[in-house]
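Visitor: Please take a close look at one part of this model, a place where two chains meet, and set it in its surroundings.

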Amino acid sequence: MTQRDGLGLGLAVVGHVAVFALLSLAWTSAPPPPPQNKPIEVSLADDVALDQHAPAAPEPPAQSAAPEAGPPDDAPPPAKVAKVTPEPAPPKPQPEAAPPPKPAPKPVPAPKKPVAEKPDKPVKTKTPPAKAAAPAAKTEAKATVAKAAGTNPKSTKPRPTGSLLDDDFRKGLTQAPSHAKVSQAAPGATMDAKATADIGSAIQRQVQPCANRQVIPGPGAAKIVAYVRLQLNRDGSLAARPTILPSHRGVDDDNRIYVDAVDRAAIATFTGCAPLRGLPPELYDVPRGWKVFILTYHMPG
Amino acid sequence: MTGFMLNTDATTLSPIALFLQADWVVKTVMIGLMLASVATWAVILGFLFKLGSTRRQITRFERDFWKAEDIDAFHRVESENTLPIARVFTAGVAEWRRSTAGGHVDREGTRERLATAMGSAVASEIDTLSDRLNILATVGAVAPFVGLFGTVWGIMRSFTGIAAAQNTSLAVVAPGIAEALFATALGLFAAIPAVIAYNRFSHSINRIEARLNRFADAFHATLSRQLEVEVRR
């Protein structure tokens, strides 16, 4: 080996090392793909709730009978005026200040009458505005006098605060249900067909990514329907490996050889995407609950 | 920049990563192909240096030879030269001296012996020059097959991996096939320069051989004329 050959060998070795080092360095490879945004978990649940899911009030909220709008502070409440003065006097001391209370309290029939009467004959009460103001002022004066005296039995009534809420508003808070339509289902968790379907669709939604990962082993395999029996823990994890019930649907002579592959894909689908989240805990241990749940599985396509 | 790190990730085309993840058979094939590539380039570089300087020195020697007045004096100067053309010249002069040393000179026999001696000197020098050209020929012919062997082996291994995992997804198969194909890439990496260099250097050596033969013929003609002159005396 001459000197030139040695030089050639040295150059060859150095060149190879350099080429492979360059190829092995990261900067010759393609730049890494830009970091993808963290996937946001979007629930496209149509309805995964139970028929009685939240600790809902057993009865609808009682209606509130209290009127809301009130006249200015100094004006006495009309209902009180109606009570103080037995005769159906026009309860509106200042018609221009407060319109007639249209949302009249229903369960308090007594003051309803004057209110109902009033819009019937507004023309008659055309003159009384001034007159109506006068009795109101008179009544107020009377009340203050009675209060000062302390002997008037009416003094036990609270001082008018200007609000329309008086003692009578409590009558609105009844225990009677309002007339809104409510579900007649009994409270508590029952496993009915809808809950089963909801749980099934919830599970299906969560295992769908794993199901999409399975590779169809051959033509006709998508026609095979397997029954998967899940045994679940309360936290949604698998208590045991899913089992395939021996009965299948859609098996014919052409796809019989793919039954095992479909079974494996089914088991891989459910083991891969366990634990399952968001299943209603009330329905875990009830009869036909999701402690043991049987689903059908078939491959997409 | 995180670039100056060795990539050992399978998802890149890093040769180191592909080598490290390969089967031992494929690794052996890769190492052999790398050595073949190194040898190829060593031979290529050696030939480039050798042939370039040889061509220049032959040109200079020819120019000096045809300018020389006295062949014996020129031979005294150049007798230790190791150039191929100088060796041919030395062989011719040596044969001339041996043939004309005695009293009687057979002109025809001397001419034949001169031609044979210089022809064999040319063949010997070409043999020396084209030494190791066979390395290029061998690498160029065999390296693709060796690489293909590594690839076939690696793909077979990938398929047994599929059978073992019972999973046909591409992620199971892809790395094995990539590293297997790297063996073929290495084979081509070694073979392509070898084939190109083999053709080019064969052509160069053929030209040098033709040049030596032309010089030998011209020198033979010169000696032949001299033979007639000397014998007539």
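Among contacts in chain B between residues at least 6 apart in sequence, what percentage join residues at least 24 apart?

Guide: The percentage is 78%, with a contact meaning C-beta atoms, placed from the backbone, within 7 Å. This is a predicted model, in which local features need pLDDT of at least 70, side-chain atom pairs need 80 or more, and totals for chains, interfaces and linings use all residues. Residues are numbered from 1 along each chain as written, with chains lettered from A and ligands numbered from 1 in written order.

Chain B has seven helices and zero strands (DSSP runs: H or I of at least four residues, E of at least two, numbered from the N terminus). One of the helices, α2(B), spans residues 24–67 and meets α1(A), which covers residues 3–24 of chain A. The two axes, fitted to C-alpha atoms over the stretch in contact, come within 7 Å and cross at roughly 135°. α1(A) and α2(B) are therefore oblique to each other, a class left after under 35 degrees (parallel), over 145 (antiparallel) and 65 to 115 (perpendicular).

On the α1(A) side the contacting residues include L7(A), G8(A), L11(A), A12(A) and G15(A). Among their counterparts in α2(B) are V38(B), W41(B), A42(B), L45(B) and F49(B).

As for confidence, pLDDT (0 to 100 per residue) averages 66 in chain A, with 45% of residues at 70 or above. Within chain A, α1(A) has the highest mean, 87, and α3(A), residues 112–120, the lowest, 46. Residues 46–54 of chain A stay under 50, with 22 contacts beyond four places in sequence. Where pLDDT is low, the coordinates should not be read in detail.

Conventions:
pLDDT = per-residue confidence, 0-100. Contact = placed C-beta atoms within 7 Å. Axes fitted to C-alpha atoms, helices over the stretch in contact; angles between N-to-C directions.
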